[in-house]
Every structure is written in C-alpha cells, then in structure tokens.
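Good morning, and thank you for the time.

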Amino acid sequence: MAAPVFLILVAWLGIRTLAEGHAGGLLASGSPVKEATEAIKTGVNLVDTVMLGVVNDEDDEPVVLKKGNPNSTATLHTAIHDINATALTNGTTTNATKEDDEEQTPIQITKSKITDDMHSQGIHTKSKHKKTQPVLENYLPTLSSLLRFTGAAAISYITGKVFPYFGLPLVSGYLLFGIIFGPEVSEIISRDSLRSLRVIDEVALAFIALVAGAQLQVKKLRGRSRSIRLTTVNLVFFAMAFGSVVIFALRESISFMKGMSILQSWAIAMLGGVLLVARSPASAIAIRKELNAEGPFTATVMGTTIIMDVVVIVLFALVGLIANGMLADSSPNPVLLGIFVTQIVLSLAGGLCLGLLVLPNMVTDASELFQPENGILSFNAKVANAAFTGISYSLILLLGFTVFFASHALEPFLEPLVTCMTAGFAVSNFTTKYKAFQAYEDSVGPYVNAAFFTLTGASLQLNVLFGSEFVMMLMIFLVRIVAIAVGAYIAGRASGDPPDIAGVAWMAYITQAGVALGLAKKINIEYVTWGPGFATLLIAVVVLNQLVGPPFFRFVLRFVGEAKGSRVAVVDAVVDEETAPLKKKLNSEPESPATVDVQDNTSQILRRKTLVS
C-alpha cells in the first residue's frame with residue numbers, strides 16, 4: 001500500500017510544480033526577463049537607461065524607460081505584460097537591451113527559450129547558461145514523435161546486436177543508429193521531439209543509478225579496503241584535476257565555450273572533470289569472468305571500479321550545485337555547502353526509505369508465487385507469472401521516474417541520482433532481494449539501454465564532433481589516461497605494490513560506460529545553451545575509452561598473472577550488463593557484481609613476486 005500512495009503523492013506534487021512553472025511563462029522565477037525586471041524595479045544603479053523592445057505586428061517601436069521618470073513603473077508593467085503575452089501566444093521574438101554608452105547586450109527570447117546566439121556579458125544575460133527547469137510539454141510528446149522514436153529504438157535494438165561480433169560494444173551501435181535517425185541525418189526523430197521525450201531520459205537515468213548502487217556490496221570489498229581506498233582517492237583527484245584543467249585551457253578552441261566568462265568556463269570544465277572520473281563496473285565484471293581472474297590486483301580493481309561510480313554520482317551533485325551558481329557569473333557562496341549537505345541528507349534518507357520499504361515489495365521473484373506442478377508450470381501459471389513480472393518491473397521503472405519528477409518540485413533539495421543509487425545500495429546490502437533485483441536488471445536493462453542511447457545518439461551535434469572539437473576530444477582522452485596513470489602509480493606504491501605492477505595498473509581503469517553517458521545526457525537536457533555541444537564532446541571521449549579500455553584490461557590481468565584462462569570464446573567482453581543484452585551467462589560464477597573474497601592470496605602474491613624478479 002505504501003508504494004501506490006507514495007507514487008500518487010509525488011506525482012501530484014511534480015505536476016503542480018510543473019504547471020505553476022509553465023503558467024508563469026517568461027516571468028517565472030529564474031527566467032532572464034524576471035531577473036531583469038526585478039533588477040530594474042529595485043533600482044539597480046548599473047545603467048541609466050533600459051530599453052524594452054516589444055516586437056509584434058502592430059508596434060515595433062521600443063519603449064524607453066529612464067531613471068527618474070515617474071511614468072516608468074506603469075510603462076514597465078505594461079511592456080513586460082506585452083512581452084509575456086506576445087512570446088507565449090504568438091511565438092514572436094522580444095529583445096530587451098542594456099544601453100551603456102558604447103555597448104548593447106541583447107536578450108532574445110522565443111517561447112521562453114533562450115537563443116544560442118546570445119552573449120554572456122551584461123546583467124540581463126548572466127543566467128542564460130544556468131540549468132533550465134522542465135515544463136509540462138517536456139513530458140508530453142506527440143503521438144507521431146512517440147511512434148517514430150519507438151520504431152527507431154526497435155531497429156536500433158535489433159540491429160545493434162551485430163556490433164559485438166566485430167569487437168564493438170552495443171552502446172556504440174545504439175549511438176550510431178541514434179545519429180542516423182536523428183535530426184542531423186534523416187530527421188526521423190526531429191529536433192523538437194528530443195526534449196518532449198524527456199521521460200525516456202529520466203527513466204533510464206533512474207535505472208542506471210539504481211544499478212550503480214546495487215553493484216556496491218560492502219561485504220565483498222573488505223579484503224582490500226586500504227588499497228581500494230587509496231586507489232579511489234588518487235584516481236578521483238587526478239582525473240578530475242587534470243580533466244578540468246585541460247578543458248579550461250582549451251576553452252577558446254571549444255565552440256560552445258567561446259565568449260564565456262572565466263567563472264562560466266571553470267564551471268563547465270569542472271563538470272567535464274567529474275564525468276572523466278566515471279568507470280564501467282559492468283565491463284570490468286565481464287572481463288574478469290572471461291579470464292576467470294582472481295587475486296589481490298583483481299580485487300583492488302573491481303572494488304575501486306564499483307566504488308568510483310558511486311563517488312562520481314555524489315561528486316556530480318556537489319559540483320553541479322556549485323557550477324550552476326558560477327554559470328550565472330556568481331562567485332561560489334558558502335551557503336551552497338549547507339544546501340549540498342541538506343540535499344545529500346534528504347536524498348540519502350529518501351533512497352533508504354525506497355530501498356528498504358518500497359522496492360522490496362516491488363522486486364519479487366515470481367517463481368516464489370507460482371509453484372510448478374510435478375516440476376512443470378501450467379500454461380495459466382506461465383501467463384500469470386509473465387503478467388506479474390511485467391507489472392512489477394513497470395512499477396519499478398515508474399518509481400525511478402517519479403523520483404526524478406519529484407526532484408523538480410524539490411529543487412535543489414533532492415538529487416534524484418543519489419536517491420536512486422542509495423535505494424539500489426539498500427536493496428543489495430540490507431534486504432534479501434538482491435537476486436530478484438539482478439533478474440530485474442538483466443530483463444529490463446537491454447530495452448532501457450537501447451531506448452536511452454538511441455535517444456542520446458539522436459541528440460548529438462555532428463558539427464561539434466567533426467569540427468575543431470575532434471582534436472580537443474583526442475587531447476582530453478590522452479590527458480585522462482595520463483591522470484589515471486599518475487593516480488594509479490601513486491596509489492599502488494603507497495599500497496606496497498611492486499613498481500612494475502603499479503606502473504601498469506592504469507590499464508585497468510580506462511573503460512567508461514553507462515554512468516558517464518547518463519550524466520552527459522543529463523547535462524544535455526538541463527543546460528540548453530551549451531549542454532548539447534558538451535554532451536557530444538564528452539560522449540565521444542567515453543566511446544573512445546570504451547573501445548580502448550577492454551583490451552588494455554585483459555593485457556594487465558595477464559601481465560600480473562591473475563588471469564587463469566579464457567571462459568568466453570565468441571562474444572567480446574565489452575558486451576556487458578550495463579551496455580548490452582548480449583552476454584554469456586557463467587553459471588559457475590557468483591551473481592554478485594563485486595569481486596570474490598580474497599582467499600588463498602599467498603599463491604597470488606608469490607606469482608607477483610616472481611614477475612618482479
């Protein structure tokens with residue numbers, strides 16, 4: 001009973017908030033026009049003249065408001081009313097400009113959307129790069145858009161299965177077909193449809209966060225806790241630091257960052273640095289199973305890889321909060337720390353409630369309810385089993401989407417990724433439903449991933465990818481590898497690893513996948529002016545890491561002597577639980593995503609000492 005009541009309550013809260021935000025139109029809190037009018041009405045002394053031009057069919061003359069004019073207030077209210085009505089009903093463009101002796105900085109608004117050619121200077125435009133809140137239309141695609149996308153995703157899902165046989169991950173196939181069906185090529189998925197399909201993005205992001213949390217099983221990571229802790233801290237620090245610095249240094253060569261202020265450039269660079277921290281636990285798990293790898297090195301790699309996806313989600317929440325203020329050219333405010341602490345506490349509490357009270361009632365093994373007669377399920381039992389499972393899995397997806405929907409109403413005090421990740425962690429560690437959740441992940445994951453990454457591919461901007469940013473992508477890719485190498489070596493030596501082992505440890509941490517791609521897409525849909533270009537650049541880096549990473553990981557496992565032999569002959573190891581449905585089930589392997597407990601490590605340590613000598 002708790003689950004339906006929770007879903008209804010949160011859905012009502014989210015719809016109410018979105019409806020109010022939509023009704024407010026251009027004068028909703030946080031919009032550029034709202035900020036400009038509030039600044040004028042409170043007597044900002046930065047300008048002597050504010051000119052509001054209302055463009056329509058009848059009157060294209062500007063209304064000039066001068067400081068000290070007794071009629072300014074009434075005229076201002078009339079002009080702003082005309083702005084709001086004109087832009088919302090007729091879709092016409094309104095310009096509000098600042099005259100300051102020598103320069104004018106336009107604000108151009110069309111149906112409450114900020115155009116891409118706006119400059120980043122001036123009091124009227126300082127909030128244009130900030131996160132944009134969704135409106136109800138973002139969740140209401142037309143029937144035509146929905147049918148077109150469904151067809152494109154189905155073709156992508158079916159045809160994408162060919163890619164693993166060429167040594168390519170499924171996600172690359174989904175992205176490729178998304179590009180083909182998207183507005184850059186065939187326009188089967190139109191540009192207007194991309195934002196109206198936000199429900200697909202948020203359902204998939206909730207799923208990715210749930211899975212990331214469920215993969216972190218504490219009891220499986222205790223054997224190498226010190227080494228895992230040192231490696232995690234060093235990799236996070238160096239990857240984010242090196243990544244942020246290189247993106248900031250290249251800002252004048254990156255098209256979507258040109259003209260931005262120093263603070264705005266640092267904000268985007270920091271978000272990029274966070275995405276470069278992410279790893280791919282599922283790819284690492286698949287390769288470990290393929291090579292039947294066991295030992296202290298493997299244990300450290302698996303533990304670090306799993307933990308880092310959890311760390312990157314929390315880090316993304318913190319950096320996103322700080323960056324949103326910097327994107328408005330505001331210096332970091334100490335108050336943000338209090339907001340972040342509140343956000344994390346509420347998100348963790350909400351996630352624990354969902355993971356302990358709600359999800360266990362949804363994640364139910366249907367086989368426990370429908371017992372076979374004489375070892376065989378009857379036809380009616382099979383139908384009932386399938387129906388029950390389908391309803392259960394649909395409710396879990398709806399629950400994840402509801403968390404995202406509610407977060408818009410509670411902004412900035414609820415981070416949906418942290419909430420969903422905590423819920424997955426709670427199910428995995430504090431309930432008996434882990435195997436049932438794994439069944440849900442294996443059954444639903446292929447379809448969610450196909451839809452999400454096809455939509456992600458459709459949103460990519462090819463002019464960014466194949467322009468000057470192509471060189472930038474290669475530079476970011478190489479700098480990330482250097483950062484990983486430095487961090488892994490320092491952590492390895494501090495943990496007591498021999499120099500040759502510490503020197504090659506970086507090869508195990510290159511691969512990226514679901515979480516990094518999910519965060520890139522989240523930025524794409526939340527930051528209108530620069531998000532699409534940013535996502536295109538970072539997704540290209542992630543795909544390159546995903547192609548290069550697995551061969552290096554195989555090599556280093558063999559080099560340290562912990563690979564006992566290949567157990568998968570046909571399907572490439574990049575085909576994993578996170579990005580692909582096509583995989584080999586290894587019945588003799590435990591279903592836990594974490595590495596096996598480190599037992600009988602003496603032989604492994606002796607093997608490593610032999611390598612040194």
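Which residues do ring pairs link into a cluster? They are Phe 207, Tyr 393, Phe 437 and Tyr 440. Please keep in mind throughout that this is a predicted model.

Let me stay with the aromatic residues. The structure holds 19 aromatic pairs. A pair of aromatic rings is described by the distance of the centres and the angle of the planes.

My opening example is Tyr 157 with Tyr 447. Their ring centres are 5.2 Å apart and their planes stand at 35°, so this pair is tilted; planes have to be under 30 degrees apart to count as stacked. This pair links distant parts of the chain, with Tyr 157 in helix α4, residues 143-159, and Tyr 447 in helix α15, residues 434-458. As for solvent, Tyr 157 counts as buried at 17% relative accessibility, because the limit for buried is under 20%. Tyr 447, on the other hand, has 52% relative accessibility and counts as exposed, since the limit there is over 50%.

The next example is Phe 177 with Phe 181. Here the ring centres lie 6.4 Å apart and the planes are at 25°, so the pair is stacked. Both residues belong to helix α5, and because they are 4 residues apart, about one helical turn separates them. Phe 177 is buried, at 13% relative accessibility, and Phe 181 is buried as well, at 11%.

Arg 251 lies over the face of Phe 248, at 4.1 Å from the ring centre.

In the loop between α5 (170-181) and α6 (191-196) we find Glu 187. Glu 187 is not a glycine, yet it has a positive phi of about 65°. With 52% relative accessibility, Glu 187 counts as exposed.

Asn 292, in the loop between α10 (281-291) and α11 (296-326), likewise has a positive phi, of about 50°, without being a glycine. Its relative accessible area is 21%, so Asn 292 is partly exposed.

Finally, where is the cis peptide bond that ends at Pro 412? It runs from Glu 411 to Pro 412, with omega near 0°. Pro 412 itself is found in the loop between α13 (379-409) and α14 (416-430).

Thank you for your attention.

Methods. Residues are numbered from 1 along each chain as its sequence is written. This is a predicted model: local features need pLDDT of at least 70, side-chain atom pairs count only at pLDDT 80 or more; totals for chains, interfaces and linings use all residues. Side-chain values use heavy atoms; hydrogens and water are left out. Helices (H or I, at least four residues) and strands (E, at least two) are DSSP runs, numbered from the N terminus. Buried means under 20% relative accessible area, exposed over 50%, partly exposed in between (1.4 Å probe, protein chains only). Rings of Phe, Tyr and Trp (its six-membered ring) pair if their centres lie within 6.5 Å; planes under 30 degrees apart count as stacked, over 60 as edge-to-face and the rest as tilted. A charge sits over a ring if NZ of Lys or CZ of Arg is within 6 Å of the ring centre and within 35 degrees of the ring normal.
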